[in-house]
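Try each task yourself before you read its solution.

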2 protein chains.
Amino acid sequence: MKLPEFVDIEKAHERIGKFVHRTPVMTSTAINQLTGSDIFFKCENFQKVGAFKFRGATNAVLCLEENLASNGVCTHSSGNHAAALALAAKQKGIPAYIVMPESAPEIKKKAVEGYGAQITFCKPTLASRESTLKEVVAKTGATEIHPYNNVEVICGQGTSAKELVEDYGSFDLILCPIGGGGLLSGTSITGKAINPKGKVIAAEPEGADDAYRSFHANKLIPSVDPKTIADGLLTSVGEINFRIIQRKTDEIVTVSERGIVRAMRLVWERMKIIIEPSSAVPLAAILENKVNVSGKRVGIILSGGNVDLGKLPFEELI
Amino acid sequence: MKLPEFVDIEKAHERIGKFVHRTPVMTSTAINQLTGSDIFFKCENFQKVGAFKFRGATNAVLCLEENLASNGVCTHSSGNHAAALALAAKQKGIPAYIVMPESAPEIKKKAVEGYGAQITFCKPTLASRESTLKEVVAKTGATEIHPYNNVEVICGQGTSAKELVEDYGSFDLILCPIGGGGLLSGTSITGKAINPKGKVIAAEPEGADDAYRSFHANKLIPSVDPKTIADGLLTSVGEINFRIIQRKTDEIVTVSERGIVRAMRLVWERMKIIIEPSSAVPLAAILENKVNVSGKRVGIILSGGNVDLGKLPFEELI
């Protein structure tokens with residue numbers, strides 16, 4: 001299979017441009033002083049559905065052939081991809097069928113329902129997800145859109161870094177988190193094409209470090225029982241994603257759970273924006289000195305802002 | 001005393017322009033659908049020190065005569081004005097002396113110290129604050145900058161609504177919270193001058209409703225033992241502020257504590273930004289149908305984003 005190139009990301013950007021937000025970029029004097037660098041945060045937490053995932057899902061839906069599209073799209077996801085695909089399908093006027101584990105966070109169930117998708121619940125195992133999805137496909141004829149191991153999805157995700165470089169110039173480093181690798185593979189293609197003197201570095205939780213191990217072993221080593229607060233990064237790297245990452249990503253580093261929480265809190269406190277734990281992983285890598293940013297111009301993609309605020313003691317505040 | 005006019009706010013804006021952020025304005029499709037209106041949120045939570053207060057403090061500091069300025073400035077405040085005055089003084093290169101109750105939130109003590117101000121702690125009573133401040137003035141010769149009952153402060157606060165109207169056109173309604181009345185008096189002057197067909201409406205917590213009662217009785221009735229989660233709105237309306245509000249504000253409404261928490265959570269969840277409880281009061285008024293916004297174009301000034309996140313269970317997340 002031919003791997004996607006930057007020209008495919010340019011086409012994706014044209015295709016999705018009027019459906020996605022060109023998200024703002026924020027800076028923080030306090031965080032710059034703390035890290036000794038100039039950091040530009042690309043705020044995908046302000047993207048529709050609250051995550052970059054809407055870029056890839058929209059591109060995938062818009063790439064469907066018309067005769068297939070009318071049957072709808074489907075996926076199994078407990079996270080942002082489910083909401084992203086639901087809204088992308090709604091905007092296109094086609095059905096979306098989402099297989100979700102019963103254990104998925106309330107906020108994500110509500111979001112998916114709110115976008116008009118049909119949810120089928122399954123047991124919280126990969127086997128149950130996959131068998132339930134097969135049943136849905138057999139019944140509806142919907143096209144499965146994989147959350148990351150999908151060329152159109154990858155090209156959509158690569159448009160965030162494209163906007164960042166177009167709007168703010170070149171960077172010494174571009175950082176993003178790595179879970180399944182959709183964002184990192186797209187970002188790496190974009191980085192090498194339009195920011196060739198800079199590096200693309202991914203950060204991953206220690207407790208879900210399959211990408212780190214795979215990258216350094218030069219072969220795919222899936223996660224076994226990963227554990228991290230960064231719930232968007234529990235998945236193992238996809239095959240297509242890994243082939244791109246091997247060729248285009250400069251480095252993958254890992255961070256501690258404590259570092260993720262510290263970085264997330266720092267962003268909430270100093271930047272006054274809500275980011276989810278997965279989004280905090282690149283800044284955690286900087287704070288834990290896993291990446292040297294001293295005196296450098298750094299772009300960080302804040303991947304999303306969907307935190308289950310039901311866990312916060314709002315009611316106790318009264 | 002001559003009350004300030006819009007020309008004074010224009011001069012203040014020129015004076016402070018290069019020191020303050022021209023804060024962004026955000027919208028939310030979800031909140032627009034929920035309320036049946038078009039709401040433009042002016043994000044003073046992204047202002048320096050995390051609150052609109054930096055506008056007024058900066059204007060007051062820049063208006064000082066040079067021979068007085070070198071002695072520094074002082075105030076008693078447990079809140080955003082303390083941090084705002086500290087940073088404004090630092091930027092001007094003069095000392096700031098802040099009298100704070102021992103009970104002030106940690107985040108605010110740290111912020112004020114971080115900006116290089118000298119803190120004198122006092123008992124958490126108005127009498128102790130005032131007597132301690134007098135001692136500080138006697139010792140240092142610093143000029144007291146009142147948090148709201150001060151013409152230069154009022155003119156600085158009026159620049160936020162000025163930017164909102166300049167950047168986003170006219171509004172049917174402009175809403176802001178009311179505590180001491182610095183923001184409301186400045187906003188009302190601006191509103192009547194450059195958005196004359198629109199109304200300026202303030203929202204206040206039921207548990208600290210002195211402005212509401214004063215406005216409707218047409219005389220100042222200070223709060224007795226006010227209680228609200230909106231800690232920025234506990235103060236009673238100032239005298240200068242009230243004279244302006246009587247002339248220029250169209251309406252004051254009150255909201256419940258539950259409404260404030262609901263509105264704050266809605267903004268965190270759907271807009272992915274951190275606002276403090278005081279900032280949520282105008283949206284609470286809309287959600288509680290105290291203000292009819294149906295089909296209207298509404299500007300809301302989100303006053304600040306300083307929440308003590310130490311109360312959130314971040315560490316439990318690990």
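**Exercise 1.** At roughly what angle do the axes of helix 1 and helix 8 of chain B cross?

*Solution.* Start with the axes: those of helix 1 (residues 6–16) of chain B and helix 8 of chain B come within 8 Å and cross at roughly 90°. Here axes are lines fitted to C-alpha atoms, for helices over the stretch in contact, and angles run from 0 to 180 degrees between N-to-C directions. Helices (H or I, at least four residues) are DSSP runs, numbered from the N terminus. Next, name the arrangement: helix 1 of chain B and helix 8 of chain B are therefore roughly perpendicular to each other. The cut-offs are under 35 degrees for roughly parallel, over 145 for roughly antiparallel, 65 to 115 for roughly perpendicular, and oblique for the rest.

Then look at the residues in contact (C-beta atoms, placed from the backbone, within 7 Å). Helix 1 of chain B brings Asp8(B), Ile9(B), Ala12(B), His13(B) and Ile16(B), while helix 8 of chain B brings Cys155(B), Gly156(B), Gly158(B), Thr159(B) and Lys162(B).

Before going on, note that this is a predicted model: local features need pLDDT of at least 70, side-chain atom pairs count only at pLDDT 80 or more, and totals for chains, interfaces and linings use all residues. Residues are numbered from 1 along each chain as its sequence is written, and chains are lettered from A and ligands numbered from 1 in the order in which they are written.

**Exercise 2.** How do helix 3 and helix 8 of chain B pack?

*Solution.* First, the geometry: helix 3 (residues 53–63) of chain B packs on helix 8 (residues 151–168) of chain B at an angle of about 135°, and their axes are 7 Å apart. Helix 3 of chain B and helix 8 of chain B are therefore oblique to each other. Finally, find the partners: residues of helix 3 of chain B including Arg55(B) and Cys63(B) meet residues of helix 8 of chain B, among them Glu152(B) and Ser160(B).

How values were computed
Helix = DSSP H or I, 4+ residues; strand = E, 2+ residues; numbered from the N terminus. Contact = placed C-beta atoms within 7 Å.
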